[in-house]
Every structure is written in structure tokens, then in C-alpha cells.
Amino acid sequence: MKKDNKELLREKIHSNLKEYYAIQHAEGTFIPGKTSVQYAGAVYDHRELQAMTDVMLKGWFGLGEQGELLESELAAYLGAKKAFLVNSGSSADLVAVSALMSYQFPEHLNPGDEVITPACTFPTVVSAIVHCGLTPVFVDVDPETLNPKVEDIEKAITKKTRLILLVHTLGNPNDMEPIMKIAKEHKLFVIEDNCDALGSTYKGRKTGTFGILSTESFYPAHHMTTAGEGGAVFLNDLRFLRIVQSIREWGRACWCGAAGGGVNGVCGLRFKYHIG
């Protein structure tokens, strides 16, 4: 089959990107003690540049086919029931906590409820709690792991406690087995901030799969980087499926996705019905 002009141009763009990347990232000689070692940053090559360009050439600037594919692959990798991409790990924390506040969840949290969380943490973990009108209760951390000790978490529980928001700091898993036992005994929810710990395991099970919800960050300082920044909310309970989706979509209750048909994935029902 003869290729059309657009396909030929696309192949030329791909070739140019590969050449550009090779020039930009030509490796020099590493000199110990002199050559700088970057502690973090986006790791990519011409294939990512080509993939990003293909998306831009399609003219789709929202969550599309590639984003939905990433969601399904992330959920499968982690062992979660569903993943939703968001713009950052900070937003992921806010969406996860907000989901537990939703009236659509029968056991939802209420303003003033207490949330146990580590004192050594990222500011947006705390801001998600405060933004939702909840009260953070800080627990000191073990200097060896930078995570709170199980006994200190248990001591912090009061009649107002409803949630434990853990952070697997620097990829170090919290002691999840006794923590989940405590949570069950006291009827508490657990959310895992897994932003530092994609791929970390606790007794053979990946972190991010113990709590009712978990979050991920794709900021350049973490294990995986998306274009710019990025994050994800993982569901281990499908009761949050529409809740998390709606919060991410600014309250929209229905979304067909990229494969939903119609224009840009919209099924057509959005404007089908009207009053009068």
C-alpha cells in the first residue's frame, strides 16, 4: 500500500527526532570526581519523543488512548482494581482524601474527623487533609525508616480517628501487616501515599495495594516520569470508581473515554436530552 503524504512526513519527523536526541545526548567520557551525577530527572530517549509527537499530531490534548492504556497497565502492574491518572501526586492525595469525604460513599468521613499521618512528610499530604476539613494528627517517625512505628500509630488513635494516611517514605514500606490489623480493629480506613515507592514490596506484596486507596507521583524525582509531572489514584475498592472519576472530571458523572465513540470520545448523550 502506498503511503500518503502525512505518513511520510510522520516518518521523517520520527527520523529527525532520533537524530536530534542522538546529538543532544551524545555521551562524553565520565571522569570520576569531576563529571556531575544527576540525582534525579526524566529518563527517556527518541522513542518517548516520537510517541509524544504522535499524540500531538493527532490533536488530542486531554486524556486519550495512550493515557487510558497507561492507566490499565499501571493498575495491572500494581495489582490494583483501577487507576486514574491526574496531574500530580499532590492532586492524587487530594482526590483520594476527597473521595472518602463523598456522600456517595456510605461510610464517608466528615469535617473534623482525625487523620493519623507521619510528622515527617510532604506538605501536600497535610494540605489534602486540611483542604477537606479533616484534622491531622502527627506521629513521629523512626529515624531508620522515616516511617512511623506501629505502636505510635496505635497510641494516636482516639474516638475521632477515621483514617490513617501513610507515606512509604523514600520507598521504605511501612509495617503494613500490623497496621492493617489495627485499622480493622478500630474500623479505620487506610490510604497509602505510594509516591516514593512504586515497585516496593512488603512481604511479597506491592505497596499501594493494602489501603482502600493509594496514590502515585510521576514527578522527575520519582521512579517514573510522565511529560511534565503527573500522578495517579489507585482503587482497591470499586465502590470508589465513579466517585474518583467524577472528582477528577470536575464533577462530571459520566465519561465515555477515548474509545467511547463520537467526537473526541463523547458518546453523544451529553447534549441529547434537554428540558422543554
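Just after helix α5, Gly133 takes a positive phi of about 80 degrees. Helix α5 itself spans residues 123–131, and its buried residues are Thr124, Val125, Val126, Ala128 and Ile129. Buried here means under 20% relative accessible area, exposed means over 50%, and partly exposed lies in between, with a 1.4 Å probe and protein chains only. These buried residues of α5 pack against α4 (89–101), β2 (114–118), β3 (135–139), β4 and β5 (189–193). Contact is defined as heavy atoms within 4.5 Å.

The model is predicted: local features need pLDDT of at least 70, side-chain atom pairs count only at pLDDT 80 or more, and totals for chains, interfaces and linings use all residues. Residues are numbered from 1 along each chain as its sequence is written, and side-chain values use heavy atoms, with hydrogens and water left out.

**Overall composition**

The protein has 8 helices and 9 strands. These elements are DSSP runs numbered from the N terminus, where helices are H or I with at least four residues and strands are E with at least two. Of the 276 residues in the protein, 41% are buried. Among contacts with a separation of 6 or more, 61% are between residues 24 or more positions apart.

Helix α4, one of the elements packed against α5, is largely enclosed by the rest of the structure, because 10 of its 13 residues are buried. The buried residues of α4 are Gly89, Ala92, Asp93, Val95, Ala96, Val97, Ser98, Ala99, Leu100 and Met101.

| Helix | Residues in helix | Span | Expected span |
|---|---|---|---|
| α1 | 20 residues | 28 Å | 28 Å |
| α4 | 13 residues | 19 Å | 18 Å |

In α1, which covers residues 5–24, the buried residues include His14, Leu17 and Tyr21. They lie on the same side of α1 because they cover an arc of only 65 degrees around the axis, the arc being that of the directions from the helix axis to the C-beta atoms. An α-helix has 3.6 residues a turn, so residues three or four places apart point the same way. The cover over the buried residues of α1 includes α2 (46–58). On the face of α1 turned away from its buried side are the exposed residues Asn5, Leu9, Lys12, Tyr20 and Ile23.

**Thr169 and the cysteines**

Thr169 is found in the loop between β4 (161–167) and α7 (176–185). This threonine, Thr169, is buried, with a relative accessible area of 10%. Leaving aside neighbours within four places in sequence, Thr169 is in contact with Cys120, Thr145, Leu146, Asn147 and Asp196. Cys120 is partly exposed at a relative accessible area of 36%, whereas Cys195 counts as buried at 7%. A search of the whole structure finds 0 disulfides, a disulfide being a pair of cysteine sulfur atoms within 2.5 Å.

**Aromatic rings and charges**

One aromatic cluster is formed by Phe105, Phe189 and Phe240. Rings of Phe, Tyr and Trp (its six-membered ring) pair if their centres lie within 6.5 Å, and by this rule the count comes to 4 aromatic pairs. The charged end of Arg205 sits over the ring of Phe210, 4.1 Å from its centre. The charged end of Lys82 likewise sits over the ring of Phe84, 5.2 Å from its centre. A charge sits over a ring if NZ of Lys or CZ of Arg is within 6 Å of the ring centre and within 35 degrees of the ring normal.

How values were computed
Expected span 1.5 Å × (residues − 1). Phe/Tyr/Trp six-rings, centres within 6.5 Å; stacked < 30°, edge-to-face > 60°.
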